[in-house]
Amino acid sequence: MSATQVFRCEELATEIFNYLAPGPLRNTDTIQYRLRRRERQKALARAARICHACTTPALNILWRVVDNIYILLSLLPPTTRGRKSYIFDRDLTPSEWERFQQYATRVRELHWRTPPISQESVQDCDSGIDLEICPSVWMILAKWCQGKGLLPRLTYLAPLHLSSNRPGSLLLVSPTLRHMSISIDQTVLGEEDLALSSLFSCLSSVFASLESLAIDADSDLELVDNWLMTADCETRLLNLLDIRALQRLEFQPSSDTISKKFVRMCEDMRLRSLTLAIDNSISGLSTANDPPSPLRATLRELRLSGDPHLLVKFIEYAVGPTLEVLGLQFDDIELIPMHEVRVMLERIVARISPHATRFSLTLDGIHDEIPQEMQEVLAAELLRPLLPKSCLTHVVLHLKYKRKYGLFTQQDMTDLTDAWPNLVELRIYDTHPQPPYNDDWPAPSVADLMRFAQRHPRLEHLVLPSLDAAADSLPALHEVPQLSHRLEILRIHTITGYPYYRTTFALAQILDRLFPNLDLCRPQFEGPRGFGNKVDVWDDVERALLALQTGRRGGCVV
């Protein structure tokens with residue numbers, strides 16, 4: 001079968017071009033990923049231009065994910081971009097609308113992002129200056145849509161801006177939507193209930209088919225909660241959110257109070273995934289007097305942030321044996337003694353199913369003045385309650401606050417070596433500039449890392465706070481086993497032992513034998529910079545690893 005015949009079969013051509021699918025663009029994506037993604041887009045565009053048989057399947061893949069609404073507007077000839085807004089110079093012609101529809105019907109995902117102010121500068125994409133789309137643009141588009149959505153096959157929209165000055169954005173809503181996030185402007189929340197009610201009413205037909213919904217209110221949750229629970233809106237809201245297909249809900253305002261009725265509403269939806277921010281209180285919720293929550297039988301993923309005491313209270317109320325993924329962020333953690341934090345973690349872990357696979361914990365704080373007895377934290381002490389959970393595959397601990405040491409010692413590494421045999425990801429971040437490692441609290445050695453690698457052959461992502469690279473602690477190269485380990489990402493925050501150049505290269509040789517499949521196209525360091533020579537040492541190690549692994553892989557190709 002010739003290449004032309006292959007591409008004439010649309011199913012085969014689509015399967016081939018799917019390998020070039022760009023995928024969504026996220027703010028956390030690396031420069032290397034963005035470059036590779038751009039090359040895939042160019043390859044699809046070239047394929048659509050040079051071969052008629054490739055045009056349809058290549059364009060379908062290329063336009064499946066659109067990075068922002070302004071890319072779509074650029075397809076319309078009357079569009080003019082001013083300094084602060086997009087406008088139409090004139091009405092559309094039938095041929096222009098027909099051409100626009102050829103692309104709009106291909107869009108499945110739309111991410112509303114701010115466009116660059118200057119076409120010459122890519123960095124302006126993150127400038128934060130939002131160019132408004134004039135109401136006249138929406139009016140002209142609405143006329144041509146004739147009661148249908150602007151993107152008739154859209155399945156993912158993030159975010160939909162609900163605002164009094166953006167009513168036209170509802171044109172982006174399509175009955176085919178399955179995943180949507182909503183950003184509620186503070187001006188809407190400050191107006192009469194009718195404004196928000198009417199906007200939600202327009203979405204009622206879409207809610208019935210949603211599988212995931214994220215709500216980000218640019219205001220206090222109390223304002224949203226008051227609107228949700230007013231006598232006039234409660235029945236309407238429960239009708240709107242009678243979403244039998246909904247499995248995932250994210251509610252991330254700059255929160256105040258979660259009401260008991262809001263929790264009951266979540267229970268009625270029988271969610272599988274829930275994300276909440278709880279800062280001040282959970283009104284009317286008592287784990288002692290309330291019956292077991294229906295969420296215990298359905299909830300698979302739970303992500304919470306806010307006051308640790310409130311998070312424990314909610315977990316004890318809502319978490320049951322079905323939970324598989326738990327992500328926590330403890331705010332203002334420096335105001336809580338570490339022994340109390342450990343007790344809270346033990347209470348939380350007691351609620352986690354033995355079959356849970358993912359756990360992440362972030363300790364966050366902003367206060368500078370911390371008592372001396374609260375400054376030293378053993379990182380593994382926070383993970384110790386998790387050691388019996390043998391099914392865990394992804395474990396993340398992020399110590400993200402000032403003036404507390406996240407010590408990770410040799411004994412801690414030994415304890416973790418025998419835990420979690422199916423581990424795929426272990427990340428322990430320490431943002432303190434100079435942890436006080438000494439003879440009483442030695443950092444893990446290279447030999448400890450060797451044993452850890454041998455016990456966890458499935459590991460793909462490893463971030464450690466420290467590693468001792470003193471010359472007298474490094475094993476001879478012939479003593480290091482040559483593993484075909486699948487680890488792709490390795491990061492070490494602090495290299496202790498004051499290594500010099502020859503020791504640094506020796507460490508790189510050892511790591512190359514242990515982990516021959518590292519992806520060194522990722523950023524050199526994922527954590528904060530500015531730690532002085534300690535980060536520079538790891539940069540030197542990665543440069544040496546890059547030379548070793550590039551040379552070996554290039555030699556295999558030749």
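**Close-up views of a predicted model**

**View 1. A patch of positive charge on the surface.** R38, K42, R46 and R49 gather on the surface in a patch of positive charge. The model is predicted: local features need pLDDT of at least 70, side-chain atom pairs count only at pLDDT 80 or more, and totals for chains, interfaces and linings use all residues. Residues are numbered from 1 along each chain as its sequence is written, and side-chain values use heavy atoms, with hydrogens and water left out. A patch is made of residues with over 30% relative accessible area and no salt bridge, like charges being joined within 9 Å and nonpolar side chains (Val, Leu, Ile, Met, Phe, Trp, Tyr) within 5 Å. Lys and Arg count as positive and Asp and Glu as negative, while His and the chain ends are not counted. The place of a charge is NZ of Lys, CZ of Arg, CG of Asp or CD of Glu. Accessible areas come from the Shrake-Rupley method with a 1.4 Å probe, and for residues only the protein chains shown count as cover. K42 belongs to helix 3 (residues 31–50); helices (H or I, at least four residues) and strands (E, at least two) are DSSP runs numbered from the N terminus. With a relative accessible area of 37%, K42 is partly exposed; buried means under 20%, exposed over 50%, and partly exposed in between (1.4 Å probe, protein chains only).

**View 2. Strand 20 and its partner.** Strand 20 (residues 461–468) has 7 of its 8 residues buried, so it is largely enclosed by the rest of the structure. It runs parallel to strand 21 (residues 489–496), and 7 bridges join the two. Two strands pair if DSSP finds at least two bridges between them. D468 has T496 of strand 21 as its bridge partner.

**View 3. The salt bridge of R300 and E324.** A salt bridge is a side-chain nitrogen of Lys or Arg within 4 Å of a carboxyl oxygen of Asp or Glu, and by this rule the count is 14. In the one between R300 and E324, the closest N and O atoms are 3.7 Å apart. This pair links distant parts of the chain, 24 residues apart: R300 is in the loop between strand 12 (281–283) and strand 13 (301–306), and E324 is in the loop between helix 14 (308–318) and strand 14 (325–330). R300 is partly exposed at 30%, and E324 is partly exposed at 34% relative accessibility.

**View 4. The salt bridge of D415 and R384.** The side chains of D415 and R384 meet in a salt bridge of 2.7 Å, N to O. D415 lies in helix 17 (residues 410–417) and R384 in the loop between helix 16 (379–383) and strand 17 (394–400), 31 residues apart, and the pair links distant parts of the chain. D415 is partly exposed, with a relative accessible area of 23%.

View 5. R451 and D448 form a salt bridge with their closest N and O atoms 2.4 Å apart. Both residues lie in helix 18 (residues 446–455), 3 residues apart, about one turn of the helix. R451 is partly exposed at 44% relative accessibility, whereas D448 is buried at 4%.

**View 6. The backbone at W420.** W420 is not a glycine, yet has a positive phi of about 55 degrees. It sits in the loop between helix 17 and strand 19 (425–430). W420 is buried, with a relative accessible area of 1%.
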